[in-house]
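New notebook page. I'm opening the model for a first look and jotting down what I look up.

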Amino acid sequence: MILSCLAHFAWWLEPASDKTTAILTGIAMIATPMFLLLSGTMTGLILARHEDEGRMPVRYTLANRGLFLLIFGH
């Protein structure tokens, strides 16, 4: 999460030079592939755990988590 915040706000940190901004952004860009890898892994894990119940409970689970993040996370 720290790398993700750094990737989004490296320009706002007002570094001493443009080179520093480029270095911070370059380091923090590992956050995007890491986020996609973790979210895909968690979706696969949830689908595997609820394999016998079908996909509908999984949709409700993911929708509930998304709504929670939208309402309370922000």
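I count helices (H or I, at least four residues) and strands (E, at least two) as DSSP runs, numbered from the N terminus. By that count the chain has 4 helices and 0 strands, in the order α-α-α-α from the N terminus on.

Ground rules: this is a predicted model, where local features need pLDDT of at least 70, side-chain atom pairs count only at pLDDT 80 or more, and totals for chains, interfaces and linings use all residues. Residues are numbered from 1 along each chain as its sequence is written, and side-chain values use heavy atoms, with hydrogens and water left out.

Next, burial. I looked up the share of buried residues (under 20% relative accessible area; exposed is over 50%, partly exposed in between, 1.4 Å probe, protein chains only). Buried residues are 8% of the 74 in the chain.

Then I checked helix 1 (residues 2-9) against helix 2 (residues 18-28). Their axes (lines fitted to C-alpha atoms, for helices over the stretch in contact, with angles from 0 to 180 degrees between N-to-C directions) come within 8 Å and cross at roughly 140°. So helix 1 is oblique to helix 2 (under 35 degrees is roughly parallel, over 145 roughly antiparallel, 65 to 115 roughly perpendicular, the rest oblique).

Last stop, Met-34. I found Met-34 in helix 3 (residues 31-49), partly exposed at a relative accessible area of 40%. How far is Met-34 from Ser-4 in sequence and in space? They are 30 residues apart in sequence and 9.5 Å apart in space, C-alpha to C-alpha. I also noted Phe-68, which sits in helix 4 (residues 56-73).
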